[in-house]
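Thanks for sending this one over. Below are my notes, as numbered points, to read alongside the sequence and the 3D view.

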Number of protein chains: 2
Amino acid sequence: MAKQPGLPVRGSTTGRPIMVLFDALGQKWSMRILWELRDGPLTFRELRERCDDVSPTLLNTRMKMLKELGLTETTEQGYGLTEWGADLGKQLARLDDWANKWALTMYDAQP
Amino acid sequence: MAKQPGLPVRGSTTGRPIMVLFDALGQKWSMRILWELRDGPLTFRELRERCDDVSPTLLNTRMKMLKELGLTETTEQGYGLTEWGADLGKQLARLDDWANKWALTMYDAQP
DNA sequence: CTTATTGCTACAGTTAGTGTAGCGCAAGAG
DNA sequence: CTCTTGCGCTACACTAACTGTAGCAATAAG
């Protein structure tokens, strides 16, 4: 089933962009994959290894979805982020900053 | 099973804050719940309704998790965000802005 | 008492994700 | 040419995550 802003997703019929994004990022490994690709393209097997050996079945379906959403693409160096994917990656980097402060003040856990 | 920065989560043994966050937000309805609480506390049944009638079973387990993470709390008005939860909500609002631009330039889909 | 509304639990059924094995293909070595 | 090596990916059986409906115990009002 296709997936893009404007079309309904799990748990929301409106196709409102943020709902599409919540649906996509709310699936296991989605954010992690974008995160691991932040420093440049990786091969299927490399990416899989970085994601704690996620099952290839899932990695493949997830990559198909992210590709459909225009966030990743396949280059000659392997799987990489598109411009939009990289942009979203920056948003995730902000989340990283946030998470570190959060952990620090709430649990004294180090990044 | 407890959940907090510093302790291992699904797919990462390090307990690195961003991984804890990815694990938590990567579960279905997590982001949506934080999103729906952004304008103030809601009762269990109200919150459930706003989340497209998510099953009460899941809503309850999710609320327990979010509470454990210090993102939500139960007030006299019902379920609400903590300061950290509200802060994270602001990050999600940034994602909303991002998603709207994304949808607009990629698919001409309106927010 | 009855009635209504609340937060929440029980439980069976469906969907999503896991883990291992290995296929088909392309490139390099002998 | 054959043999190996490493690649992206698929098959498939298993487990975990989520769904949907019914309804319980508690509280409050009539």
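**Notes on side chains and their contacts**

1. Let me begin with Phe44(A), which is partly exposed because its relative accessibility is 27%. On this scale buried means under 20% relative accessible area, exposed means over 50%, and partly exposed is what falls in between (1.4 Å probe, protein chains only). This is a predicted model, in which local features need pLDDT of at least 70 and side-chain atom pairs count only at pLDDT 80 or more, while totals for chains, interfaces and linings use all residues. Residues are numbered from 1 along each chain as its sequence is written, chains are lettered from A and ligands numbered from 1 in the order in which they are written, and side-chain values use heavy atoms, with hydrogens and water left out.

2. Rings of Phe, Tyr and Trp (its six-membered ring) pair if their centres lie within 6.5 Å; planes under 30 degrees apart count as stacked, over 60 as edge-to-face and the rest as tilted. One of the pairs is Phe22(A) with Trp35(B): the ring centres are 5.9 Å apart and the planes stand at 75°, so this pair is edge-to-face. The pair joins two chains, because Phe22(A) sits in helix 1 (residues 17-25) of chain A and Trp35(B) in helix 2 (residues 30-36) of chain B. Both Phe22(A) and Trp35(B) are buried.

3. Phe44(A) comes back here, with Tyr79(A) as its partner: their ring centres are 6.2 Å apart and their planes at 50°, so the pair is tilted. The two residues are 35 apart and link distant parts of the chain, with Phe44(A) in helix 3 (residues 44-50) of chain A and Tyr79(A) in strand 2 (residues 78-81) of chain A. Helices (H or I, at least four residues) and strands (E, at least two) are DSSP runs, numbered from the N terminus. Tyr79(A) has a relative accessible area of 18%, so it is buried.

4. Also worth a look in the viewer is an aromatic cluster: ring pairs link Trp84(A), Trp98(B) and Trp102(B).

5. On to charges. How many salt bridges does the structure hold over all chains? There are eight, a salt bridge being a side-chain nitrogen of Lys or Arg within 4 Å of a carboxyl oxygen of Asp or Glu. In chain A, Lys3(A) and Asp23(A) meet in one, at 2.9 Å from N to O. Lys3(A) lies in the segment before helix 1 of chain A and Asp23(A) in helix 1 of chain A, so this bridge ties together parts that are 20 residues apart in sequence. Lys3(A) and Asp23(A) are both buried.

6. In chain B, Asp23(B) and Arg10(B) form a salt bridge of 2.5 Å, N to O. Asp23(B) is in helix 1 (residues 17-25) of chain B and Arg10(B) in the segment before helix 1 of chain B, so parts 13 residues apart in sequence are tied together. Asp23(B) is buried because its relative accessibility is 3%, whereas Arg10(B), at 32%, counts as partly exposed.

7. Another salt bridge joins Asp52(B) and Arg32(B), whose closest N and O atoms are 2.6 Å apart. This pair links distant parts of the chain, 20 residues apart: Asp52(B) is in the loop between helix 3 and helix 4 (56-68) of chain B, and Arg32(B) is in helix 2 of chain B. Asp52(B) is partly exposed at 39% relative accessibility, while Arg32(B) is buried, with a relative accessible area of 9%. Back in chain A, salt bridges that share partners join Lys3(A), Arg10(A) and Asp23(A) into one network.

8. Two further residues of chain B deserve a mention. Arg48(B) is found in helix 3 (residues 44-50) of chain B and is partly exposed, at a relative accessible area of 26%. Its C-alpha atom is 9.7 Å from that of Asn60(B), twelve residues away along the chain. Thr105(B), in helix 5 of chain B, is exposed at 57% relative accessibility. Thr105(B) and Gly11(B) are 94 residues apart in sequence, and their C-alpha atoms are 34 Å apart.
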